[in-house]
Amino acid sequence: MDEMNELYYRLPYVKEFDAVVTGCVPGKSGFEVTLSQTAFYPEGGGQLADSGFIGEASVGDTRRRGGDIIHYADRALQVGSTQHCGIDWQKRFDHMQAHSGEHIVSGLIHRRFGYDNVGFHMAADKVTVDFNGLISEEQLAELEREANARVYDNLPVRVAFPSPEELAALDYRSKKELSGAVRIVEFPGVDRCACCGTHVERSGEIGLIKFVSMAHYKGGVRIEMLCGRLAMQDYARKNEQEREIGRIFSAKPYETVEAVRQYVAAAEAAEARASELARRYFELRAAQLPAGGGLLIDFEEGFKPVELRRFCDALVAGGKAKTAAVLSPAENNGKKGWNYVICAGAPVLREAVKTLNKELNGRGGGDPTLVQGTFFAGRAEIERALEATFR
Ligand SMILES: [Zn+2]
C-alpha cells in the first residue's frame, strides 16, 4: 500500500468512510485489523493515534507496522466484509490544531533564533515542544503574539511531494534524515517542514495558540502549549478559577492577585501577633509555676508543638527547674495521647526518652537537651514515669 496515498493524507477531513476488511487476527488485547483504505491516523511523528469504530467494533489505537496500518479493535471482523468506519473527530481535530500550531511556533522560533525543535510530545491534554536554545519570557510573549497573528492571517497550508532534485534545492526543517517520498508541509512565510502528520487546511482553524509554561531543559527550553479547543477549554477552567478566587476574596477580575497578597500579609501579621501574645502568656504562666527543684511537669490545653518547645525551653533557661516537661493533648487516628517536650539544662535526655517512650507507648526523640514526641498514656501514668526518671 502506498503510505502517502492513505485517506488521512488525501482527505484529512474525512470522518467516516467505507472499507473492506483485509485482515483480522487475535492480538494481545482484542483484534488486529487491516483495511483496504483508512482514515485512522497511526501514531507517529509526535502525533497521537486515532480511535473510532469499524462497523460494530470499537478501535482504541492505530499503529503502523511495516507497510500496514493496524487498527486495534475490541471484536473480530469478517475478512472480506465491507464495513462503515468512523474516527473520533473531536480528538483528531484537537491533534490537527495542536500539530499545526506546533509548526507555526517551531517555524517562527527557527527563523528568529535558529533553534531546532528537538522534541515534540503530544498528550491528550497538552503539547510540549523542546528547543535547543534559550528564550526569555519577554521573547516568548512576543512569539505568542506573532504566532497568533499568523493564525489570524488564515494562511493556506500546502502539502507537496517534491522530487529528490527539488528537495535538494529546498530549505526545510526536518527531524531526521529522510528517505523515500518526502512530504513537505508549508505554512507560507512561516514554516516549511518534512512531516507525516495531519494538519488543518488553513491556519485560522488553529483558533488560538497559548503558551502555558516554559522551563529550562537540556540546555534549551521546553515549552508547554495548547491550541484551539484545548486552549479554549484551559481558558474556561482558568477563568472559572479566577472567578472563584474573586468570590472568595471579594475581588474584581485582575485584582485577585493583589487581594491574595494582602490576605497573606494580614495572615502573617496575625501569626506574628499570636506569637507575641503566646510569649507574654508563657511569661505569666511561668511566674505561676513553682520555682526550683529538679523536675517541673506542666500540662497545658491546646499548645502547638512549637509552643510547647518555646515554653519548655523558657522554663529551663529561666531557671525554673533542671528539667521541665510540658504536655498538651494530642490525637492520632482516634487514639488520644499527649504531645510532649522535655528540656534539660544538662545533656541527659537521649537515653531517658527511650525508656519513657517504651513505658508510655510513646514515640519521638531529639537531642540531649530537648526531646519531643507523643505519649499514648494517661496523665497520672505520665506523671509517675517522669517523676521516677528525673527525680
Ligand atoms: Zn506536521
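Me: Which residue of β13 stands opposite V127?

Reply: The model is a predicted one. In it, V127 faces M225 of β13. The strands concerned are β8 (residues 127-131) and β13 (residues 220-227), which run antiparallel and are joined by five bridges.

Me: In what order do the four strands of the open sheet lie?

Reply: The order is β7-β8-β13-β12, with antiparallel pairing. From one strand to the next, the twist averages 20 degrees.

Me: Which strands stand at the edges of the sheet?

Reply: The edge strands are β7 (117-122) and β12 (209-217); each has a single partner strand, so one side of each lacks a neighbour in the sheet.

Me: Which strands does α2 lie across?

Reply: Helix α2 lies across β7, β8, β12 and β13, and runs at about 20 degrees to β8.

Me: At what angle do α2 and α3 pack?

Reply: The general idea is to take the angle between the two directions and see which class it falls in: 65 to 115 degrees counts as roughly perpendicular, and over 145 as roughly antiparallel. Here, α2 (residues 89-113) and α3 (residues 137-152) pack at about 125 degrees, their axes being 10 Å apart. The helices are therefore oblique to one another. Their crossing is right-handed.

Me: Which residues make the contact between α2 and α3?

Reply: From α2 come I104, V105, L108 and I109, and from α3 come L143, E146, A147 and R150. By class, six of the contact residues are nonpolar, two are charged and none is polar.

Definitions and conventions:
Residues numbered from 1 in each chain as written. Predicted model: local features only at pLDDT ≥ 70, side-chain atom pairs only at ≥ 80, totals over all residues. Axes fitted to C-alpha atoms, helices over the stretch in contact; angles between N-to-C directions. Helix = DSSP H or I, 4+ residues; strand = E, 2+ residues; numbered from the N terminus. Parallel < 35°, antiparallel > 145°, perpendicular 65-115°, else oblique. Left-handed = near helix turned anticlockwise from the far one by under 90°. Contact = placed C-beta atoms within 7 Å. Nonpolar A, V, L, I, M, F, W, Y, C, P; charged D, E, K, R; others polar. Pairing = 2+ DSSP bridges.
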